[in-house]
Amino acid sequence: MDRRLFLELLPGLAFLAGHVFGGLFWAAGLSVVATALAVGLRWRWDRAVPWLAVATFVLILVLTGAGLVLGDETFVMLRPTVGALAFAAILAVGACARPSLLQRTLDYKLRLVPRGWPVLHGAWVCLALLAAGANEIARRALSTDHWVVFNVLSDPALFGLIWIATRLVAEVYWDEEEDAPAPHDPP
C-alpha cells in the first residue's frame with residue numbers, strides 16, 4: 001500500500017480502534033493523535049503539508065476539545081458535517097477565483113477546457129453537501145456504534161465519489177488541444 005494512502009486512512013482506523021477500546025471520546029482523541037502524526041510524516045516526507053490535512057486537524061482538535069470540556073459527544077459527531085460544509089464553502093468561493101481553486105490545485109494533472117472547471121467545482125460542492133447531509137441523517141438516526149462505522153466508511157466513500165465525478169467531468173471537458181503535439185514537434 002502506498003504510504004500516503006495509509007496516512008489518509010490512519011485517522012479513520014485510529015477512530016474505529018479508539019471507539020472499540022474506549023468509546024467516542026477515546027476515538028476522537030486517537031484520531032487527533034493519528035492526524036497529527038499523518039501531518040508530521042507528510043511534512044517529513046514532502047517538506048509540504050496539504051492545507052486540507054491541517055484544516056482537518058484544527059477542526060477535529062477544536063470540536064473534540066469542545067466535546068471534552070462540555071462532556072457532549074455531539075461535538076465529535078458534528079465534525080464530519082462541519083468539515084464537509086467548510087469544504088463546500090471553500091470550493092464555492094474558490095470557484096470565483098481566477099484561476100479557480102481546483103484549477104490551481106489540479107491543473108498539473110487535469111487538462112480541462114475553461115468551461116470544465118466550474119462544472120468540476122459544482123460536482124465537488126454537491127458531493128461535499130451530500131456528505132454533510134448524510135452525516136446529519138446518520139448521527140440522528142443511528143446508534144453511536146453504528147454512526148462510528150458510518151463515519152469511518154464515509155470518508156473513503158466520499159473520496160471515491162469525488163474521484164468518479166472528476167473522471168466523468170474530465171471525459172466530457174478534456175482539453176484535446178493540450179494533448180496534441182505542437183506543430184514543430186516531430187510525430
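The notes below go through these topics in turn. Please keep in mind that this is a predicted model.

## Aromatic pairs

A pair of aromatic rings is described by the distance of the centres and the angle of the planes. How many aromatic pairs are there here? The count comes to 2.

One of them joins Phe 15 and Trp 147, whose ring centres are 6.0 Å apart. Their planes meet at 75 degrees, and because over 60 degrees counts as edge-to-face, that is the label this pair gets. Phe 15 belongs to helix H1 (residues 3-22) and Trp 147 to helix H7 (residues 144-173), so the contact ties together parts that are 132 residues apart in sequence.

## How H1 packs on H7

Two packed helices are described by the angle between their axes and the distance between the axes. For H1 and H7, the angle is about 170 degrees and the axes are 9 Å apart. With angles over 145 degrees counting as roughly antiparallel, H1 is therefore roughly antiparallel to H7.

Which residues make this contact? From H1 come Leu 9, Gly 12, Phe 15, Leu 16 and His 19. They meet Thr 144, Asp 145, Trp 147, Val 148, Asn 151, Val 152 and Pro 156 of H7. The contact residues divide into 7 nonpolar, 4 polar and 1 charged. Phe 15 and Trp 147, the edge-to-face pair, are thus among the residues of this helix contact.

## Cysteines

A disulfide is a covalent bond between the sulfur atoms of two cysteines. How many disulfides does a search of the whole structure find? The search gives 0.

For Cys 96, the nearest cysteine sulfur is that of Cys 126, 15 Å away. A disulfide needs the sulfur atoms within 2.5 Å, so Cys 96 is in no disulfide. Cys 96 counts as exposed, at 64% relative accessibility. Cys 126 is likewise in no disulfide, its nearest cysteine sulfur being that of Cys 96. Cys 126 is exposed as well, with a relative accessible area of 53%.

Technical notes. Residues are numbered from 1 along each chain as its sequence is written. This is a predicted model: local features need pLDDT of at least 70, side-chain atom pairs count only at pLDDT 80 or more; totals for chains, interfaces and linings use all residues. Side-chain values use heavy atoms; hydrogens and water are left out. Rings of Phe, Tyr and Trp (its six-membered ring) pair if their centres lie within 6.5 Å; planes under 30 degrees apart count as stacked, over 60 as edge-to-face and the rest as tilted. Helices (H or I, at least four residues) and strands (E, at least two) are DSSP runs, numbered from the N terminus. Axes are lines fitted to C-alpha atoms, for helices over the stretch in contact, and angles run from 0 to 180 degrees between N-to-C directions. Angles under 35 degrees count as roughly parallel, over 145 as roughly antiparallel, 65 to 115 as roughly perpendicular and the rest as oblique. Contact means heavy atoms within 4.5 Å. Ala, Val, Leu, Ile, Met, Phe, Trp, Tyr, Cys and Pro count as nonpolar, Asp, Glu, Lys and Arg as charged, and the others, Gly among them, as polar. Buried means under 20% relative accessible area, exposed over 50%, partly exposed in between (1.4 Å probe, protein chains only).
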